[in-house]
Amino acid sequence: MTQFNMPTVGEQLRENGISRRAFLKFCGLLASSMALAPSMIPKLAEALEKATRPSVIWLSFQECTGCAESITRAHSPSLEGLIFDTISLDYQHTLQAAAGEAAEQARDEAMQANYGKYVLIVDGSIPLGNAGYSTIAGVSNLDMLKQVAKGAAAIIALGTCAAYGGLPQANPNPTGAVAVADIIKDKPIINVPGCPPIPVVITGVIAHFLAFGLPALDHLGRPKAFYGQNIHDRCYRRPFYERGLFAETFDDEGAKQGWCLYKLGCKGPITYNACATTKWNDGTSFPIESGHGCIGCSEPGFWDFGGLYNPVSLPSSLSSQHVVFATGIGVAAGVAIAALNKQAKQQAKQTREPVNVDQLNREVQL
Amino acid sequence: MTERVVVDPITRIEGHLRIEAQMNGSTIEQAYSAGTMVRGIEIILRGRDPRDAWAYAQRICGVCTLVHGMASIRSVEDALKYSIPHNAQLIRNLMIAAQYVHDHVMHFYHLHALDWVDVVSALKADPKATSELAQTVSPHWPNASTGYFADQQAKLKKFVDAGQLGIFAKAYWGHPAYKLPPEANLMAVSHYLEALQWQRDVVKLHTIFGGKNPHPNFVVGGVPCAIDLNSDSAINAKRLAQVQDIIQKMRTFVDQVYVPDTLAIAGFYKDWFKQGEGLGNFMTYGDFPEKSLYEPESCLIPRGVILNRDLSRIYPVDLNADDQIQEFVAHSWYSYSGGQTQGLHPYQGETELNYTGPQPPYTQLEVDKAYSWLKSPRWQGKAVEVGPLARMLMLYAGNYPQAKELVDSSLKTLDLPIDALYSTMGRTAARTLETKIIADKMQGWFDSLIANIKAGDTKTFNETLWEPASWPSQAQGVGFMEAPRGALAHWIVIEHGKIANYQAVVPSTWNAGPRDVNNQAGAYEASLQGHVLHDPKQPVEILRTIHSFDPCIACAVHVTDPEGEELVKVQVR
């Protein structure tokens, strides 16, 4: 890691009264959320302790502030302290005290002082349709992204909008919205999708980057530690799927007993994210646990998957009334989806085309 | 001498807002409010399944992360005359109320406080005196010992001494407009950090019923979470106990920290009870039904318009009347085919995206022409303010007992007349007081939910109109609500099971919109007029008044359809 003439994270933590024990406990939780072996905990602790507080510049473009809200929800022992003490968040519209010219000065100074070393976080897509569609301090999003990316050590594209274009890019993409990776080609980019991403996944990725540098990424640029698993494969309702037991409405007996939400349109089978394992808001619940199907929010193009309540393995024109026969073929369809999904994703890697349900459906029918 | 003071970005808000102030000496002569970002969510919604709309609309905003989902669901239910089970109504009330309490507290501590609280000054505080102050202000809040504040101060000192101020860098610390003694600053900074921890615990109410936060899940026709006391995979006794615990945590924090802090801080800024009002016109749509949204008398917050501060007369509001709510684009980056002077009701909306502003990078907007992505909504041609102040005035005018008592006792504590409400600090205080009313109401809704379940009613979803085949071929409806930032409504037109038109007019469009065709200023613009800036390079005065509205900036997107046959208006925060 880059060295600064600043206290290390470890020093900061001790000065701020965070005990060694609490810190190690945090590292343990972090390691488990990052799917690291227990033997890695001391290494993680060591790496975090030695890391200085790198400057982080956060640019918000076509966004809803949900990603920034999400990071404030991150639980874990002393996590709040760690967020404040691990990085120096030098520009972040939602939280920073300074406004206007002073805020822009803060950004300029942080860029100059840490040129080549700072981490750039971007939330929101970038509209290419017209420079006037989104500006900050009179500067277009495109210009500001290019300017700030130039001196960045790495970029975290936070949320599905920054990672893949997200909602603004959904059909018919009225503003010509694109992802960070569509513009910046010469910097390492970590995509952290989700609408928003899980709070502890955001902080986990930042911590991983500080401790170990770039994490291993999947073919869509997502850290494997958090996006390597299919939600359906990890879902606690999966056994009911295998047995062909499905909720038919939101409050029938199946819904009450926690049966599979496949027929209510759950996109778990085509979605890769940590919701089913990490869960949300301090492990309280996750969408499927609270009775609503996964909407697939960490996948490129998920807004055009063909309807929240249409089952993924069937033609989207059929409604849930017509899918009774799905019970019988559920298992086989699930297997087919997994294989086809892999194939479609492989293809997506080359073309950067979103994988959508229609494609999958076509292949299922063939 | 006139000069233009520009503040862009306005930070500590949701979204992208720019304020330009035309100065006469050190006084703001005219202010201009500009939303500088558009996405086009409503055009994206066209042709989609109305049951899906909530998820798209919800992404209008991730701060008030519930409200657009809820307004969307209600618009579909209104269009289809789709009733929801009583349990679902109660759970929605709890979720909306939780959004208020969470959002208002975060606004106060994390978005607004730093306009009044000097973080650096807290380093000079005497921890013992701070402890005494805290125990006077809030006798029952446990985090109030000398040692606690000494620790907090030490933490802050290490942070500042390390030289990396992060989010606190480059602010206007030491500006003479900051009036709090160091001890009050230290107490407030400590509560800033406590509120950050508190909010992530109480937000779990959304996670329990909606699976996650930000952006919890909803469903047209009810709520997605099933109730079954005998299941480990539904809302059961354990979940309900968690909810009860959260409600208690919310009320405790509001009573013991948020309300006392607001009154304590306000006491040092009485001059801010004399400026920053703006329009004097206020509007609410109403919300929090005891029974159904269509029984307005059962709503906690009534609907109406107050003009020129006259609390003796409440005008009725009709969301469907063509001549009541209209939108103007004379100073917005859109064009109307019938000319820029007309006003159109959302159902007749017809607009086209038309950026005519300066080519970025620019230093100044052309305020005599179009200068914002927001439109200018008007009620019967009048600019009105929406939000907490409007709601508290409406409750006060309607003699709602708790509102009367809270307003009167707060004014008495501060030794201020009723007119003090019409101000920057009055708006901020109104937000705090309504939070207390709503947090207290949560217990009643929760008790009703328990009683209902106890009586054997576990219905949470009405499946009768779920299938589009059961819908009429044409339907239209409006989903309204009181969002934390004010009156919000989504208008939807459904044709053959798909969305034919979708429009949202959001609170911050009412408040932050630009001048209309008659050059009437919007609420932000009017509220800034006459402010004196101590130092135009450090315009903390502008931040105070703008933040008192809690901006959540809408971007209004108005686009033609691909064939160009029909113009559709969509409006996005």
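1. Strands here are DSSP runs of E of at least two residues, numbered from the N terminus. On that basis A:Ala137 falls in the loop between β5 (135-136) and β6 (139-140) of chain A. The model under review is predicted. Phi of A:Ala137 is near 55°, which is a positive value in a residue other than glycine. A residue counts as buried if 20 or more other C-beta atoms lie within 10 Å of its own; A:Ala137 has 21 and is therefore buried.

2. A positive phi is also found in chain B, where B:Arg309 has a value near 60° and is not a glycine. B:Arg309 sits in the loop between β7 (304-306) and β8 (325-328) of chain B. With 15 other C-beta atoms within 10 Å, B:Arg309 is partly exposed.

3. Chain A contains 17 helices and 9 strands. Of its 366 residues, 59% count as buried. Among contacts in chain A with a separation of 6 or more, 72% come from residues 24 or more positions apart.

4. Two cis peptide bonds in chain A deserve a check. One joins A:Asn171 and A:Pro172, with omega about 5°; A:Pro172 belongs to the loop between α9 (166-169) and β8 (177-178) of chain A. Another runs from A:Cys195 to A:Pro196, with omega near -5°. The loop that holds A:Pro196 lies between β9 (189-192) and α10 (199-212) of chain A.

5. The contact between the chains draws on 80 residues of chain A and 83 residues of chain B. On the chain B side, the elements that each supply at least two residues are β1 (2-7), α1 (41-45), α2 (53-58), α6 (146-161), α7 (182-202) and α8 (204-210). The most is given by α8(B), with 5 residues. By class, the side of chain B that touches chain A comprises 39 nonpolar, 25 polar and 19 charged residues.

6. Within chain B, helix α9 (residues 237-266) packs on helix α12 (residues 424-454) at an angle of about 160°, and the axes are 10 Å apart. Angles over 145 degrees count as roughly antiparallel, so α9(B) and α12(B) are roughly antiparallel to each other. The crossing of α9(B) past α12(B) is left-handed. Residues of α9(B) in this contact include B:Leu240, B:Ile247, B:Arg251 and B:Tyr258, while those of α12(B) include B:Met425, B:Lys436, B:Asp440 and B:Phe446. By class, the contact of α9(B) with α12(B) has 14 nonpolar, 6 polar and 4 charged residues.

Terms used:
Residues are numbered from 1 along each chain as its sequence is written. Chains are lettered from A and ligands numbered from 1 in the order in which they are written. This is a predicted model: local features need pLDDT of at least 70, side-chain atom pairs count only at pLDDT 80 or more; totals for chains, interfaces and linings use all residues. Two residues are in contact if their C-beta atoms, placed from the backbone, lie within 7 Å. Helices (H or I, at least four residues) and strands (E, at least two) are DSSP runs, numbered from the N terminus. Ala, Val, Leu, Ile, Met, Phe, Trp, Tyr, Cys and Pro count as nonpolar, Asp, Glu, Lys and Arg as charged, and the others, Gly among them, as polar. Axes are lines fitted to C-alpha atoms, for helices over the stretch in contact, and angles run from 0 to 180 degrees between N-to-C directions. Angles under 35 degrees count as roughly parallel, over 145 as roughly antiparallel, 65 to 115 as roughly perpendicular and the rest as oblique. A crossing is left-handed if the near helix is turned anticlockwise from the far one by less than a right angle, and right-handed if clockwise. A residue is buried if 20 or more other C-beta atoms lie within 10 Å of its own, exposed if 12 or fewer, and partly exposed in between; C-beta atoms are placed from the backbone.
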